[in-house]
Amino acid sequence: MKLEAKIPDGPIEQKWSTQKFNYKLINPANRRKYNIIVVGTGLAGASAAASLGELGYNVQVLTYHESPRRAHSIAAQGGINAPKNYSNDGDSVYRLFYDTLKGGDYRAREGNVYRLAEVSGAIIDQCVAQGVPFARDYAGYLDNRSFGGAQVARTFYARGQTGQQLLLGAYSALSRQIKAGTVKLFARREMVDLVVVDGQARGIVARNLVNGRMESYAGDAVVLATGGYGNVFYLSTNAKACNTTAIWRAHKKGATFGNPCFTQIHPTCIPVGGSYQSKLTLMSESLRNDGRIWVPKKQGDTRKGGDIPENERDYYLERLYPSFGNLVPRDVASRRAKEMCDKGFGVGESKMAVYLDFADAIKRLGKSVITERYGNLCDMYKQITAEDPYQTPMRIYPAVHYTMGGLWVDYNLMSNLPGLFVIGEANFSDHGANRLGASALMQGLADGYFILPYTMGDYLAGTRFEKVDTKNAEFQRTENEMSELVNKFLSIKGKRTADEFHIALGKIMWEQVGMGRNKNGLEKALTLIPQLRDEFWSDLKVVGSGNDLNAELEKAGRVADFFELGELMALDAQHREESCGGHFREEYQTAEGEALRNDKEFAYVAAWEFTGVGKKPILNKESLKFEYVIPSQRSYK
Ligand SMILES: Cc1cc2nc3c(=O)[nH]c(=O)nc-3n(C[C@H](O)[C@H](O)[C@H](O)COP(=O)(O)OP(=O)(O)OC[C@H]3O[C@@H](n4cnc5c(N)ncnc54)[C@H](O)[C@@H]3O)c2cc1C
């Protein structure tokens, strides 16, 4: 397969504006003749559906939640980046572009990343116009704070609830279009398959989660905005419902999957507390603005954090990375935390935690300032751990948080399947092998508000469409296939629930395909995952029926897809014999324990083609060219 990234020629600063001018347009009166299906109402999906509706297209938007406001985006805490340079500390579009490429360990496209940085300022303006209550400084200007991998303050925030406020803004824009009649919302619908007619994505089949019926939706283009797949690890900071089904089933219909193994492990999460735990809680990266990370200098120290004197503490990030200190990127901070714990310096009962301490900041700024900045996060921490972070340092440990991998898309955000667009966390994205904090919200909203509305018009205007509606045989065939799948889950009548299988899969993924990966472990994963998958198909227990709301049935479908995806992730991690960003192959590291890239052999996007369950997928490579930022060994010292 020939993958064409379609990055426009010309100087990097002009690529997007030239391209926008060159895109074909559809006149306003003709837009209503086109039907677009958007799956997902998180920041990416809601912003896309609202913008396409505003342009005058007919949009059908689906979510498996009961309301668009329940999308996982609502959980985002720390903030959203834009190089407005309000802090006057030297920020610029170019610097955000540079930081993002470097932060991603040079495994992203220059053209895409520059465009992302370029449009990010407009997101803030748009959100302010919608009424998003970003934090302000004493003069009334929008306030900024710092996030990892940057030496400037460019993160706009609304306390620790930025995602919620942004989603309320996008939801308002969406609701306006629903009222105007351009957007039709279908809640409680789960997309279970993509429908491809004559090589073009022409619709989807969704299961009505309330009555169990299969429903067909036909259109001229399909947009997947279905979020990330971190829950393949079972325990993650993602909302429990996040899954891979929409993009995985599209992958099985021909869409290539980009860099599936690129997973972000976030350094500051509340450590695992017990074997019955079903999810992990993030403590936002913003806390690293004021919180200092440390471990005792003595291995196996059993004293309480507050009892350990200053000279017996190792502020290891400040020691190892004097320039960036506690604000090194996530991959670096996570690896160092693991290293400290593996060497016996961990704290707390499990010894699998390090401290994040506000004592200095409280002394310097006062408790009220810390409460103002991070109050809701401190409350959350206290409710979960019964410890008061104002009195005693927080215990934190890395946890799975975000997936940089996803369906491969070109510069126009279209997959290799004509008419299938993928936006937000669901695509393989602009973050390379490691995403910088506060850049996911930026990417999702850039895709939905400012990029897709242009690229979609160009596709529709330049494509010949045969009339396809839900009476087309392909829809009926897909509906039947999906009904059979539901019946299959219900008829196995085994002994283990989907959750039990998910926990077992997650354990393999975390141990062998997690923060540190090596050849032997990955080989082991590639043996264990198919074995467990076979057991799943013969011993699964799904209670209830297929004709009404059945959470167990929903989980069965999602876990089935996680099994297949998990295997691809292990294979991708096995083939990439280098370390880059969040993909840390233990065999490839510098003398100082940093990721050791191999640009000669691996400066490409791995885009995998599905060939059948249990069969070896085909690897396609999109090579990455760097004209502006020449890859070097990343240094945050
Ligand atoms: C705890 C936490 C905090 C975070 N904080 C930040 C932050 O401060 N800054 C930042 O930049 N990033 C942050 N992130 C990352 C960021 O929140 C996500 O990457 C981003 O919100 C994803 O948005 P999205 O629109 O792509 O997907 P989502 O918000 O996950 O939305 C997915 C949508 O798709 C729908 N859907 C999925 N599958 C189907 C299907 N098969 N059928 C029908 N509907 C489907 C869902 O119902 C939902 O509406 C955080 C992540 C976590 C986990």
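This is a predicted model: local features need pLDDT of at least 70, side-chain atom pairs count only at pLDDT 80 or more; totals for chains, interfaces and linings use all residues.
Let me begin with two helices, H14, which covers residues 498-513, and H15, which covers residues 519-539, and which pack at an angle of about 170° with their axes 9 Å apart. The axes here are lines fitted to C-alpha atoms, for helices over the stretch in contact, and the angles run from 0 to 180 degrees between N-to-C directions. Helices (H or I, at least four residues) and strands (E, at least two) are DSSP runs, numbered from the N terminus. H14 and H15 are therefore roughly antiparallel to each other, given that angles under 35 degrees count as roughly parallel, over 145 as roughly antiparallel, 65 to 115 as roughly perpendicular and the rest as oblique.

Residues are numbered from 1 along each chain as its sequence is written.

Which residues of H14 meet H15? From H14 they are Phe501, Ala504, Leu505, Ile508, Gln512 and Val513, and on the side of H15 they meet Gly521, Leu522, Lys524, Ala525, Leu528, Ile529, Leu532 and Phe536, where contact is taken to be two C-beta atoms, placed from the backbone, lying within 7 Å. By class, this contact of H14 with H15 has eleven nonpolar, two polar and one charged residues; Ala, Val, Leu, Ile, Met, Phe, Trp, Tyr, Cys and Pro count as nonpolar, Asp, Glu, Lys and Arg as charged, and the others, Gly among them, as polar.

I turn now to the ligand. It is surrounded by 46 residues, of which the closest are Gly40, Gly42, Ser73, Gly227 and Gly424, and a residue is near a molecule if its C-beta atom, placed from the backbone, lies within 6 Å of it. The elements that each supply at least two residues of this shell are helix H3 (43-55), helix H6 (162-180), strand S6 (189-197), helix H7 (245-252), strand S15 (394-403) and helix H12 (440-461). Divided by class, the shell around the ligand has 19 nonpolar, 24 polar and three charged residues.

Ala250, which is found in helix H7, is buried, with 28 other C-beta atoms within 10 Å; a residue is buried if 20 or more other C-beta atoms lie within 10 Å of its own, exposed if 12 or fewer, and partly exposed in between. Leaving out residues up to four places away in sequence, Ala250 touches Leu194, Leu224, Ala255, Leu407 and Leu420. Ile451, in helix H12, is likewise buried, with 25 other C-beta atoms within 10 Å, and, with residues up to four places away in sequence not counted, Ile451 touches Val119, Leu413 and Ala446. Although Ile451 and Arg115 are 336 residues apart in sequence, their C-alpha atoms are 9.0 Å apart in space.

What about the core? The largest nonpolar core has 182 residues, and Val223, Leu224 and Leu407 touch the most other members; such a core is a set of buried Ala, Val, Leu, Ile, Met, Phe, Trp, Tyr and Cys residues joined through C-beta atoms within 7 Å. H12 gives the most to this core, with twelve residues. Among the residues that Leu224 touches, not counting residues up to four places away in sequence, are Val39, Gly40, Ala246, Ala250 and Leu407.

Helix H4, residues 93-103, is mostly covered, since eight of its eleven residues are buried, among them Val93, Leu96, Phe97 and Asp99. What covers the buried residues of H4 includes strand S3 (80-81) and helix H5 (110-130). Just after H4, Asp105 takes a positive phi of about 55°.

Where else does a residue other than glycine have a positive phi? Arg159 does, with phi near 45°, in the loop between strand S4 (155-156) and H6, and Arg159 counts as buried with 22 C-beta neighbours inside 10 Å. Ala438 is not a glycine either and has a positive phi of about 70°; Ala438 lies in the loop between strand S17 (420-422) and H12, and counts as buried with 28 C-beta neighbours inside 10 Å.
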